[in-house]
Amino acid sequence: MQEEVRAQGLWAAHLDPELGGQGFGQVKLGLMHEILGTSPIAPLAFGNAAPDSGNSEILALAGTPEQKERYLHPLLAGDLKSAFSMTEPHTAGSDPTLLATQAVRNGGDWVINGHKWFSSNASIADFLIVMAVSDPGARPHQRASMFLVDADTPGVRIVRDVATMEHPEESFGRYGNHAEVLYEDVRVPAEALLGAEGAGFLIAQQRLYPGRIHHCMRWLGVARRAFDMLCERSLYRHAHGSVLSGHQSVQNWIADSAAEMQAARLMTLHAAWKMDSEGVAAARTEIGLIKFLRRSGPARRRRSGPPGPRGAGVLHRPAAGGDVPLRPRGADLRRARRGPSRLGRAPGAARLRTAR
Ligand SMILES: Cc1cc2nc3c(=O)[nH]c(=O)nc-3n(C[C@H](O)[C@H](O)[C@H](O)COP(=O)(O)OP(=O)(O)OC[C@H]3O[C@@H](n4cnc5c(N)ncnc54)[C@H](O)[C@@H]3O)c2cc1C
């Protein structure tokens with residue numbers, strides 16, 4: 001499938017053409033992601049699966065020519081797998097100024113010590129992008145740096161894959177799992193520093209905004225698929241004297257869902273248009289608004305599964321061999337991944353107040 005996608009000129013479409021992407025811009029990408037969102041395997045087939053897609057953006061943004069040669073090009077070719085290792089079990093992920101993992105200069109090297117978890121795909125990754133405090137005395141948002149760490153560097157210990165609602169059963173080394181990782185005196189050369197020293201937050205933010213809107217775009221497709229299933233089921237499932245679509249509350253579900261989905265779609269495409277025309281920074285408020293609307297509106301369509309088939313709506317096995325091609329329980333996990341909505345609302349409100 002990946003070969004066919006490449007032949008059609010659709011591989012890694014989120015990146016600029018000089019990096020092997022298509023340079024579509026966000027609006028066109030939004031329309032494409034909406035279609036891809038209908039399938040759980042599409043991001044893999046199209047070279048834009050997280051976390052490799054976000055990590056490739058970081059490398060494109062901040063990597064030296066040597067780092068791009070060694071990590072970015074093989075990552076884009078699908079020859080390497082990557083992980084982003086920031087969240088820690090003992091500090092709040094929603095406030096990364098509290099990070100405890102440290103990188104200390106030692107001769108020409110950096111020595112990293114720390115404890116991470118929820119590093120998606122770390123147990124199958126070839127390299128990890130590790131966020132660590134490199135200058136504890138600096139201002140909070142200038143304390144951390146990013147480091148490129150090969151997974152086989154001595155001291156990198158993948159402890160386990162954390163069981164989640166999405167993958168509740170014990171399993172290790174599987175795509176999509178989230179690992180707990182110990183970094184014990186991990187020594188990396190100076191060239192492992194990714195971007196400027198102390199620029200970890202800046203780079204993370206630059207990665208986060210496009211990443212957020214791409215999630216929103218895919219969610220439109222997820223919601224559309226749930227909606228189609230709802231409509232289809234409501235036409236043949238018979239209960240209490242008629243097919244489900246004959247009952248008023250089911251009609252309400254359909255109408256409410258259509259309205260919410262349309263609102264989310266137009267807000268997403270508007271944010272994408274603003275990113276294309278005025279840049280990422282100018283679209284921060286619009287991206288923030290769509291991020292939490294997605295969680296409250298269309299997320300409901302998806303979280304409860306297709307509302308028509310109550311029982312089927314809570315089956316969670318995805319994709320091939322599964323009962324329902326959606327992941328109602330995994331959806332809740334994905335909502336958590338991009339950070340709490342409460343935190344997105346406050347800066348959005350502040351920007352809106354100042355703009356008035
Ligand atoms: C599926 C999945 C994949 C992930 N992948 C990665 C990955 O690849 N790499 C990585 O580094 N991390 C990853 N994460 C971690 C994710 O980024 C964090 O879970 C997230 O940032 C929240 O941090 P936390 O879990 O430490 O929660 P905390 O920050 O401890 O928050 C706990 C609770 O407090 C609430 N809260 C926090 N602050 C406020 C506030 N000011 N007001 C009101 N309520 C508040 C939050 O909403 C939350 O409910 C992943 C998480 C998930 C679920």
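In helix α2 (residues 26-36), the buried positions are Q26, L29, G30, M32, H33, E34 and L36; a residue is termed buried if 20 or more other C-beta atoms, placed from the backbone, lie within 10 Å of its own. These buried residues of α2 pack against α3 (42-45), α6 (200-236) and α7 (248-278). The model is predicted, with local features requiring pLDDT of at least 70 and side-chain atom pairs counted only at pLDDT 80 or more, whereas totals for chains, interfaces and linings use all residues. Residues are numbered from 1 along each chain as its sequence is written.

The protein comprises 12 helices and 10 strands, defined as DSSP runs of H or I with at least four residues and of E with at least two, respectively, and numbered from the N terminus. Of its 356 residues, 40% are buried. Among contacts (C-beta atoms, placed from the backbone, within 7 Å) between residues at least 6 apart in sequence, 68% join residues at least 24 apart.

Strand β1 (residues 82-85) is covered on both faces, with S82 and F84 buried on one side and A83 and S85 buried on the other. Strand β4 (residues 127-133) pairs with β1 in the parallel sense over 4 bridges, pairing being assigned where DSSP finds at least two bridges between two strands. Within this arrangement, F127 of β4 stands opposite S82.

The loop between β8 (193-194) and α6 contains G195. This glycine counts as buried because it has 21 C-beta neighbours inside 10 Å. Beyond its neighbours within four places in sequence, G195 is in contact with A62, M146 and I203. The C-alpha atoms of G195 and I58 are separated by 9.0 Å, although these residues lie 137 residues apart along the chain.

Note on methods. A residue is buried if 20 or more other C-beta atoms lie within 10 Å of its own, exposed if 12 or fewer, and partly exposed in between; C-beta atoms are placed from the backbone. Two residues are in contact if their C-beta atoms, placed from the backbone, lie within 7 Å.
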